[in-house]
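Biologist: I would like to learn how to read local features from a set of coordinates. Can we go through them one at a time?

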Amino acid sequence: MSDKISIRDTIADLRQRLVSLPKIDTRNGGDIMDQHRAHRAAAEQLGRYLSETYGARISLRPENNRITMHRITSTSTAGLHGAFTNWIAAAERRGASVGLTDRQLRDQITGGSA
């Protein structure tokens, strides 16, 4: 399996698993902190799954959370969920540039040719 297909498969898998994380909803009358704890625990479990399945490296720090997977790294100050969604965006940007020459990639970044 190529890196590009592997990344696409990982993106699809991660998206599907993010949707199933417990929601935090102040309108349901439940304890908001209990919801946060449940969401955080599920996100940490998802991180363990990504580590076991895709070799992801996860770092939990008070100031930010980091995920590195398929040589793509993303961080977030909004928890693992934020790092996961940022990773998806970075992986999609990487996928869009696969196969481009250096000049094409530069033109894509700068918005035209020099």
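## Reading the features

Modeller: Start with a loop. H70 sits in the loop that joins β2 (65-69) to β3 (72-76). Keep in mind that this is a predicted model.

Biologist: What is the value of phi at H70?

Modeller: The general idea comes first. Most residues other than glycine have a negative phi. Here, H70 has a phi near 55°, a positive value in a residue other than glycine. R71 is found in the loop between β2 and β3 too. Its phi is near 60°, again positive in a residue other than glycine.

Biologist: Is R71 buried or exposed?

Modeller: Read the relative accessibility. Over 50% is called exposed. R71 has 65%, so R71 counts as exposed.

Biologist: Now salt bridges. How many does the count give?

Modeller: The rule looks for a side-chain nitrogen of Lys or Arg within 4 Å of a carboxyl oxygen of Asp or Glu. The count comes to 4 salt bridges. Take D13 and R17 as one of them: their side chains meet at 2.7 Å, N to O.

Biologist: Where do D13 and R17 lie?

Modeller: Both are in helix α1 (residues 3-19). They are 4 residues apart, about one turn of the helix.

Biologist: Why is D13 called buried?

Modeller: Buried means under 20% relative accessible area. D13 has 11%, so D13 is buried. R17 has 33% relative accessibility and therefore counts as partly exposed.

Biologist: Which residue forms a salt bridge with D34?

Modeller: R37 does, with the closest N and O atoms 2.7 Å apart. D34 and R37 are 3 residues apart in helix α2, so about one helical turn separates them. D34 is partly exposed at 42% relative accessibility. R37 is partly exposed as well, at 43%.

Biologist: What is the N to O distance between R27 and D25?

Modeller: It is 3.1 Å, and the two side chains meet in a salt bridge. R27 is exposed, because its relative accessible area is 74%. D25 has 23%, so D25 is partly exposed.

Biologist: Next, rings. How many aromatic pairs does a search of the whole structure find?

Modeller: The search finds 1 aromatic pair. The rings are those of Y49 and Y54, with centres 6.3 Å apart.

Biologist: Why is the pair of Y49 and Y54 edge-to-face?

Modeller: Look at the angle between the planes. Over 60 degrees counts as edge-to-face. The planes of Y49 and Y54 stand at 85°, so the pair is edge-to-face. Y49 counts as partly exposed, at 22% relative accessibility. Y54 is partly exposed too, at 24%.

Biologist: Which residue lies over the face of Y49?

Modeller: R17 does, at 3.7 Å from the ring centre.

Biologist: Last, the surface. Which residues form a nonpolar patch there?

Modeller: A patch joins residues with over 30% relative accessible area and no salt bridge. In this model, I24, I32 and M33 form a nonpolar patch on the surface. Together they have about 230 Å² of accessible area.

Biologist: Where is M33 found, and how does its accessibility read?

Modeller: M33 is in helix α2 (residues 32-54). At 42% relative accessibility, M33 counts as partly exposed.

Notes:
Residues numbered from 1 in each chain as written. Predicted model: local features only at pLDDT ≥ 70, side-chain atom pairs only at ≥ 80, totals over all residues. Heavy atoms only, no water. Patch = residues over 30% accessible without salt bridge, like charges linked within 9 Å, V, L, I, M, F, W, Y side chains within 5 Å. Areas by Shrake-Rupley, 256 points an atom, 1.4 Å probe, with all protein chains shown as cover. Helix = DSSP H or I, 4+ residues; strand = E, 2+ residues; numbered from the N terminus. Buried < 20%, exposed > 50% of the residue type's maximum accessible area, 1.4 Å probe, protein only. Phe/Tyr/Trp six-rings, centres within 6.5 Å; stacked < 30°, edge-to-face > 60°. Lys NZ or Arg CZ within 6 Å of the ring centre and 35° of its normal.
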